[in-house]
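Okay, thanks everyone, let's get going.

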Amino acid sequence: MGMQCHASTRPTALALALANTLPDMLNRRNPPDVRGNSVNGASKIVAYYGLRTPPYKLDALEPYMSKRTLEFHWGEHHRGYVEALNKHLGKNDVLYGYTLEELIKVTYNNGNPLREFNDAAQVWNHDFFWESMQPGGGDSPKLGLLAQIEKDFGSFTNFKEKFTEVALTLCGSGWVWLVVKRNEKRLALVKTANAISPIVWDDIPLICLDMWEHAYYLDYKNDRAEYVNTFLNHLVSLDKATLRIIKAHSFVNLGEPKIPGEFLAPEVAKIVGEPKTPVA
């Protein structure tokens, strides 16, 4: 199996559009102040982005991902990205007011990232990673997700083998994603280096796996293959992926197979679960 150690940097219509509008965005003056009271023209900044908690207790993924790893990975690394991003934004509020996803797309700057991009993307990627897992994960896909995987990968077994191949041929630090390709109208596996998220190419992510060393070293040392295998068989939340592909159908016509409409309401309610509570 040959290793391919490069990430795509292709520009898309979305990226080009963002590049064309970026100067206007960055030249805005006096953005709406929703952060606090204004005194003599000076705004008191209360907060930018908060650290979101994983949608389960920190020991809920054991024995496959330890509480110690969650405390270190989420409690230190993820928190550090949030704090670094807020420090960047505190020095220049021209980008204040964007959603995190909007901020990533703007600061990606058509492949020439601004300084805020890395921390913004790392925060978003980590939020997405925690939500890509669940206690008792690794079950077979439900509803139209299984049929779509079989359509685009041949079988669920083929999908897992391809996912493993993509993960283990990722050079250095990065991420593995199952995405919906809007233009190609199909599922695909992509790997991205460092903090890159496929949302900058207008892909719709369904699940992701963090392949940075700090994500697995405490539990698996250098055994990346065992880490990937454990993720696929015991951790991945295909319930969440099912919810996301249902939402993706609102934006992309994936053709056959169709998700049965009579099953959507109860399944979505079951998958969504309780809302998460942000913490400072």
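Predicted model: local features only at pLDDT ≥ 70, side-chain atom pairs only at ≥ 80, totals over all residues.

So, H6 and H8: these two helices pack at an angle of about 145 degrees, with their axes 10 Å apart. The axes are lines fitted to C-alpha atoms, for helices over the stretch in contact, and the angles run from 0 to 180 degrees between N-to-C directions. Who makes the contact, meaning heavy atoms within 4.5 Å? From H6 we have Lys 160, Phe 163, Thr 164, Ala 167 and Leu 168, and from H8 it's Arg 224, Ala 225, Val 228, Phe 231, Leu 232 and Asn 233. Sort the residues of that contact and you get seven nonpolar, two polar and two charged, where Ala, Val, Leu, Ile, Met, Phe, Trp, Tyr, Cys and Pro count as nonpolar, Asp, Glu, Lys and Arg as charged, and the others, Gly among them, as polar.

Residues are numbered from 1 along each chain as its sequence is written, and side-chain values use heavy atoms, with hydrogens and water left out.

Back to H8, residues 224-235. Buried there, that is, under 20% relative accessible area with a 1.4 Å probe and protein chains only, are Arg 224, Tyr 227, Val 228, Thr 230, Phe 231, Leu 232 and Leu 235. Their cover includes H4, H6, strand E6 and H7. By the way, helices (H or I, at least four residues) and strands (E, at least two) are DSSP runs, numbered from the N terminus.

Now for strand E4, residues 174-181. Eight of its eight residues are buried, so E4 is largely enclosed by the rest of the structure. In a regular strand the side chains alternate between the two faces of the sheet. Here, Gly 174, Val 176, Leu 178 and Val 180 are buried on one side, and Trp 175, Trp 177, Val 179 and Lys 181 on the other.

What does E4 pair with? E5 in the antiparallel sense over eight bridges, and E6, also antiparallel, over six bridges; pairing takes at least two DSSP bridges between the strands. Gly 174 stands opposite Ala 193 in E5, and Val 180 is opposite Ile 204 in E6. E4 and E5 form a hairpin with four residues between them, and Lys 185 in the turn has a positive phi of about 55 degrees.

Zooming out, the protein has 10 helices and seven strands, and 46% of its 280 residues count as buried.

How values were computed. Buried < 20%, exposed > 50% of the residue type's maximum accessible area, 1.4 Å probe, protein only. Contact = heavy atoms within 4.5 Å.
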